[in-house]
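User: I'd like to learn how to read side-chain features in a model. Please take me through them one at a time.

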Amino acid sequence: MRSRNRPPDRDVIGETGPMPTADELLSADTVTTLARLLAGAGGRRSSPALRARADALAGLTFSGRVAAVRDAVLDDLPDAWPAFEAVVRTALDRPGFEGWMTFPVGEAVAVRGLEVFEPGLDLLHDLTSRLTAESAVRPFLRADPDRALAVVQKWTDDPDPHVRRLACEGTRPRLPWAPQLPAFVADPRPALPVLDALYRDGSEYVRRSVSNHLNDISRDHPALAVETAARWLAEPEATTERVVRHGLRTLIKAGRPEALTLLGHSPDVPVTVSGPVVADPRVAVGEYLVFDWTVTNTGPPPRAVGHRLRRPPHEGQRHPHPQGVQTRDARARPPRNPRRHQAPLLQAHQHPPLPLGRAPGAAPGQRPGPRRGPFFAGRRMITAACCRS
């Protein structure tokens with residue numbers, strides 16, 4: 001079975017396509033190339049610890065490989081910070097020192113540079129453009145948040161969008177697949193000046209990080225997230241509503257009135273719901289569960305509608321796991337055809353709602369036509385698939 005382990009943030013490798021395996025991210029060939037580059041940068045013939053590690057990666061997850069290669073880098077490079085930094089900076093000037101091989105190097109910088117602090121952060125500043133240092137910066141923020149933020153705040157003015165994104169992504173309270181920042185989970189306000197400086201950034205890459213950071217905040221401090229979003233909407237750019245909408249997605253999915261109201265959605269629109277009607281409750285692996293529903297507006301035209309699904313709880317969970325709510329402008333043209341997806345899951349996987357805008361009484365699977373009357377109908381498909389090895 002191939003080991004799959006998600007990298008720090010999907011934005012780093014793109015939003016589409018299958019997730020790479022651990023071996024595709026940090027392969028033996030990649031580590032061997034890193035050993036050669038660091039040996040040359042240090043004026044040595046070889047990097048014995050890295051070369052040995054390259055032959056012992058089989059079976060390790062992505063995080064396991066990062067830790068193993070990080071330790072090998074620390075073994076091969078000098079202990080003293082000035083000499084350690086000199087080797088890494090020399091490698092930065094050499095072609096080929098880029099991509100996922102730099103990720104464990106950043107983790108090694110976090111270990112060796114924590115004692116000197118600001119010089120360590122400066123090296124991560126220069127390293128992040130080769131991939132990302134979003135995980136490596138977090139030990140500094142955990143050790144001394146105020147001292148680290150004094151440096152990170154300056155990065156928001158950097159001409160390199162990778163550095164600006166590092167300022168936002170590295171300070172996220174709950175960055176996926178990285179250690180949490182307990183101080184910022186408890187009180188995210190110290191990092192808000194970073195977001196305030198970047199929510200109108202010219203780079204979509206940076207703005208998406210701002211949205212994800214705001215979403216992290218909303219999980220523990222929903223009122224603060226809505227208050228922050230309202231401030232931004234009071235001084236917006238053309239892209240600000242999209243930043244806010246994505247940043248409040250967890251609150252929108254939960255149907256929180258304050259988030260819906262901020263985005264112009266009244267939570268009190270009078271509607272009646274018909275359905276759901278399941279086409280066939282028996283679903284085999286690889287097939288689709290299809291059901292239809294209709295929402296009838298009995299008042300002023302609603303701007304958006306949506307629905308939520310619940311699935312049986314996983315083992316150990318007491319309550320059903322809520323699925324996402326997707327809102328749609330009732331006056332917009334609906335998708336012409338439903339989309340079907342497959343997911344490598346052990347159980348049925350529920351995908352976002354797929355409104356079709358069928359008029360009531362239309363046959364299941366009928367091509368959607370123009371919407372007539374105050375109706376908003378939809379068809380939902382859920383894929384059942386098994387885990388691929």
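User: How many salt bridges does the structure hold?

Analyst: Side chains of opposite charge can pair when their charged atoms come close. A salt bridge here is a side-chain nitrogen of Lys or Arg within 4 Å of a carboxyl oxygen of Asp or Glu. The structure holds 18 of them. The model is predicted, so local features need pLDDT of at least 70 and side-chain atom pairs count only at pLDDT 80 or more, while totals for chains, interfaces and linings use all residues. Residues are numbered from 1 along each chain as its sequence is written, and side-chain values use heavy atoms, with hydrogens and water left out.

User: Where do Arg89 and Glu85 sit relative to each other?

Analyst: Helices are DSSP runs of H or I with at least four residues, strands are runs of E with at least two, and both are numbered from the N terminus. Arg89 and Glu85 are four residues apart in helix α5, so about one helical turn separates them. Their closest N and O atoms are 3.0 Å apart, in a salt bridge. For exposure, buried means under 20% relative accessible area, exposed over 50%, and partly exposed in between (1.4 Å probe, protein chains only). Arg89 is partly exposed because its relative accessibility is 27%. Glu85, at 18%, is buried.

User: Which parts does the pair Arg164 and Asp201 tie together?

Analyst: The side chains of Arg164 and Asp201 meet in a salt bridge of 2.6 Å, N to O. Arg164 belongs to helix α10 and Asp201 to the loop between α12 and α13, so the bridge ties together parts 37 residues apart in sequence. Both Arg164 and Asp201 are buried.

User: What links Glu134, Arg165, Glu169, Arg172 and Asp216?

Analyst: A network of salt bridges links these five: Glu134, Arg165, Glu169, Arg172 and Asp216.

User: Next, rings. How many aromatic pairs are there?

Analyst: Rings of Phe, Tyr and Trp (its six-membered ring) pair if their centres lie within 6.5 Å; planes under 30 degrees apart are stacked, over 60 edge-to-face, the rest tilted. That rule gives six aromatic pairs. One of them, Trp100 with Phe103, is tilted, at 5.8 Å centre to centre and 50° between the planes. Trp100 is buried because its relative accessible area is 12%. Phe103 is buried too, at 6%. Another pair, Phe117 with Phe140, is edge-to-face: 5.4 Å centre to centre, 75° between the planes. This pair links distant parts of the chain, 23 residues apart: Phe117 is in the loop between α6 (102-112) and α7 (118-127), Phe140 in helix α8 (residues 138-143). Both Phe117 and Phe140 are buried. Ring pairs also join Phe62, Trp100 and Phe103 into a cluster.

User: How do I check a helix? Which residues of α2 are buried?

Analyst: Start with length: the expected span is 1.5 Å times one less than the number of residues. Helix α2 (residues 28-41) has 14 residues and should span 20 Å; its end C-alpha atoms are 20 Å apart, which agrees. Its buried residues are Val31, Leu34, Ala35, Leu37, Leu38, Ala39 and Ala41. Contact means heavy atoms within 4.5 Å. The cover over those buried residues includes α3 (48-54), α4 (62-76), α5 (81-92) and α6. Gly43 follows α2, with a positive phi near 70°.

User: Which residues have the most contacts inside the largest nonpolar core?

Analyst: A nonpolar core is a set of buried Ala, Val, Leu, Ile, Met, Phe, Trp, Tyr and Cys residues joined through side-chain atoms within 4.5 Å. The largest has 70 residues, and those with the most contacts inside it are Leu34, Leu38, Leu50, Val73, Phe97, Trp155 and Leu248. Leaving out residues up to four places away in sequence, Leu50 touches several residues, including Val31, Leu34, Val69 and Val73. A second, separate core of eight residues includes Ala22, Leu25, Phe62 and Leu131.

User: Last one. Is Asn215 buried or exposed?

Analyst: Asn215 is buried, because its relative accessible area is 2%. The residue is found in helix α13 (residues 204-220). A polar contact is a pair of N or O atoms within 3.5 Å; within protein, one must be able to donate a hydrogen and the other to accept it, and residues adjacent in sequence count only if both atoms are side-chain atoms. The side chains of Asn215 and Thr250 make one, at 2.7 Å. Beyond neighbours within four places in sequence, Asn215 is in contact with Gly247, Arg249 and Thr250.
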